[in-house]
Amino acid sequence: MEITYLLCQALQRQSQDILDALRLVASTKLLLQKMKDERWDSFLAHVKSFCLERNIDIPDLSSSYFSRGARARNEHSDHTLEHHYRVYIFIEAINSQLMELDHRFNDSSMELLHLSTTLDPKNSNEPFRSGDVCQLVEIFYLEDLNETEKNLLKMQLQHYEVDIVQREDYKQLISISELCQWLIKTRRATNFYLIYRVVSLILTLSLFTATTERSFLAMSLVKIRLQNKMEDEFLNDSLVLYFEMELAEKITLGTIVQDFKDVKDRRIPL
């Protein structure tokens, strides 16, 4: 938990850039593997120290391990208690963490993230890899651009490298979301509309935002057993209020009545 804490906190943020995510995933895997291979003795010493400070009995780890249960007591064990804790608990727990990371960040996901870093303004000091953007589209966004648009994208990338990447105000951007806003603000999204489309597609990655996770959490809180028959429209409205709780708290009853009144004239004044 100590090793994975930083990565978990980072992925729960509403905004997370790709470079930091790639580094955290790689470092977390490396530290978990290192702990599995080298840190059992230090971990065991730390546990013993914890038990001694709190007067907790420490079993004889060199004794034979016996499973719990009436039948298990009569069964002979061919390994020690320490072997059981190290192999079946310590290593097994780390393996489950590594398997979860490999499942969530497999080779395909890591390739997607790596190719997406090309458009990250944080890489402005490195050579612009236009080929990675084309490869990104060919592999992951094949249906979002037709063949004509793919050829036009290559031309836009050449102009983008000269007109955008070398600008000082571009180098001050710190995330892809800021790049997306900057392209609109400077009206360059019109000339580089295909690059803007790719940037927008990258921003839909769940890694950049915890909106998906928050949505499922909010749904479990809003659509409870007593409210499981609410219609989709009412559910969506309720979820929006839950997501924008800070804004909703600023809305007064008077403003609601006034907005309702402004919708159309009524025979009886509100």
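A: A search of the whole structure finds 8 salt bridges, a salt bridge being a side-chain nitrogen of Lys or Arg within 4 Å of a carboxyl oxygen of Asp or Glu. The model is a predicted one, in which local features need pLDDT of at least 70 and side-chain atom pairs count only at pLDDT 80 or more, while totals for chains, interfaces and linings use all residues. Residues are numbered from 1 along each chain as its sequence is written, and side-chain values use heavy atoms, with hydrogens and water left out.

One of the salt bridges joins K29 to D102, with the closest N and O atoms 3.1 Å apart. K29 lies in helix α2 (residues 18-38) and D102 in helix α4, so the pair ties together parts that are 73 residues apart in sequence. Helices here are DSSP runs (H or I, at least four residues), numbered from the N terminus. K29 has a relative accessible area of 21% and is therefore partly exposed; D102, at 41%, also counts as partly exposed. The terms follow relative accessible area: buried means under 20%, exposed over 50%, and partly exposed in between, with a 1.4 Å probe and protein chains only.

E149 belongs to helix α7 (residues 147-163) and R197 to helix α11 (residues 193-202), and the two are 48 residues apart. E149 counts as buried at 18% relative accessibility, whereas R197 is partly exposed at 28%.

The side chains of D132 and R129 also meet in a salt bridge, with an N to O distance of 2.4 Å. In this pair, D132 is buried because its relative accessibility is 15%, while R129, at 26%, counts as partly exposed.

Salt bridges also connect E138, E147 and K150 in a network.

Most residues other than glycine have a negative phi. N55, although not a glycine, has a positive phi of about 55°; N55 is found in the loop between α3 (40-53) and α4 (81-104) and counts as exposed at 72% relative accessibility. R187, likewise not a glycine, has a positive phi of about 65°. The loop between α9 (176-185) and α10 (188-191) holds R187, which is exposed with a relative accessible area of 69%.
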